Amino acid sequence: MPSRRVGLLGGTFDPPHSAHLVVAVEVREALGLDEVRLVVANDPWQKSALRRVTPAGTRLRLARSAVGDVPGLSVSDVEVRHGGPSYTARTLRSLHRSEPGTEWFLILGADAAARIDTWHDADDLLDLCTLVVVDRPGTPLRLPLPSGSPSPERVAVTPLDISSTDLRRRARTGRSVRFLVPDAVAGMIAAEGLYLRD
Ligand code: ATP
Ligand code: MG
């Protein structure tokens with residue numbers, strides 16, 4: 001049986017937005033992946049040291065409503081179930097054990113790719129998955145990998161200058177997030193009063 005090809009888009013998703021979804025859909029199409037999963041970080045340790053991160057359960061619900069029933073997209077709670085700080089290398093090792101025979105593609109925006117050398121067990125990642133890098137408006141592409149590493153896949157996606165940081169600021173200052181996030185996410189942000197304070 002040919003192996004399943006699954007893409008992972010890891011993130012804080014605080015909140016998930018339209019650029020996350022466009023990246024997931026377009027990478028899936030470009031590489032012919034069976035599925036792309038949004039992997040919600042439990043404790044994004046590099047961020048939680050710097051700002052208040054929304055509880056993982058809320059971010060998981062936001063991600064599930066963002067994805068809805070779009071074919072080929074899903075949300076993974078594997079890091080939330082593990083608990084503690086989220087390390088992508090550990091997540092991939094656990095996925096290799098639970099889903100043997102799957103080929104894993106780790107999707108990174110240019111800003112995340114530029115910091116990959118600061119990740120826990122970064123060297124192991126290359127043995128565990130194929131890296132897929134997409135451009136992000138305003139971020140030059142730089143991928144600090146050891147020399148001799150396999151070159152990552154690059155996928156051209158529709159450039160969208162949307163960030164969760166900007167969306168949190170919009171919500172806090174009473175500006176609209178409409179169309180930058182799926183309607184269901186905008187509805188949850190309003191109904192639950194998310195992002196009203198820093
Ligand atoms: P924050 O501003 O809080 O860091 P974010 O918008 O960067 O939020 P993350 O959850 O940090 O969202 O990102 C998850 C993944 O999606 C990362 O690999 C990131 O590079 C990628 N990504 C996020 N926004 C974009 C975008 N507009 N274009 C391309 N990639 C993106
Ligand atoms: Mg980010």
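1. Helices (H or I, at least four residues) and strands (E, at least two) are DSSP runs, numbered from the N terminus. Pro15 is found in the loop between E1 and helix H1 (18-31). The peptide bond that joins Asp14 and Pro15 is cis, with omega about 5 degrees.

2. This is a predicted model in which local features need pLDDT of at least 70 and side-chain atom pairs count only at pLDDT 80 or more, while totals for chains, interfaces and linings use all residues. Residues are numbered from 1 along each chain as its sequence is written, chains are lettered from A and ligands numbered from 1 in the order in which they are written, and side-chain values use heavy atoms, with hydrogens and water left out.

3. Ligand 1 is surrounded by 23 residues, the closest being Lys47, Asp111, Arg136, Leu160 and Thr165; a residue is near a molecule or strand if one of its heavy atoms lies within 4 Å of it. Polar contacts are pairs of N or O atoms within 3.5 Å; within protein, one must be able to donate a hydrogen and the other to accept it, and residues adjacent in sequence count only if both atoms are side-chain atoms. A polar side-chain atom of Asp111 lies 2.6 Å from an oxygen atom of ligand 1, and an N or O atom in the side chain of Lys47 is 2.8 Å from an oxygen atom of the ligand. Leu160 uses a backbone N or O atom, 2.8 Å from a nitrogen atom of ligand 1. The protein covers 91% of the 600 Å² of accessible area that ligand 1 has on its own (Shrake-Rupley method with a 1.4 Å probe; for residues, only the protein chains shown count as cover).

4. Ser76 is found in strand E3 (residues 73-76). Is Ser76 buried or exposed? Ser76 is buried because its relative accessible area is 10% (buried means under 20%, exposed over 50%, partly exposed in between, with a 1.4 Å probe and protein chains only). Leaving aside neighbours within four places in sequence, Ser76 is in contact (heavy atoms within 4.5 Å) with Arg37, Leu38, Val39, Val40 and Leu60. A polar atom of the Ser76 side chain lies 3.1 Å from the backbone nitrogen of Val78.

5. Asn42 sits in the loop between strand E2 (35-40) and helix H2 (45-48). Its side chain reaches the backbone oxygen of Gly84 at 3.0 Å. Beyond four places in sequence, the contacts of Asn42 include Ala56, Arg59, Glu79 and Val80.

6. The axes of helix H3 (residues 56-67) and helix H9 (residues 183-191) come within 7 Å and cross at roughly 150 degrees (axes are lines fitted to C-alpha atoms, for helices over the stretch in contact, and angles run from 0 to 180 degrees between N-to-C directions). Arg61, Leu62, Ser65 and Ala66 of H3 meet Ala184, Val185 and Met188 of H9.

7. In helix H5 (residues 88-98), Ala89, Thr91, Leu92, Ser94 and Leu95 are buried. Their cover includes strand E1 (4-11), E2, helix H4 (78-82), strand E4 (102-109) and helix H7 (122-128).

8. Two loop residues deserve a look. Asp121, in the loop between helix H6 (110-114) and H7, has a positive phi of about 55 degrees although it is not a glycine; Asp121 is partly exposed, at 35% relative accessible area. Phe179, in the loop between H8 and H9, is likewise not a glycine and has a positive phi of about 75 degrees. Phe179 counts as exposed because its relative accessibility is 67%.
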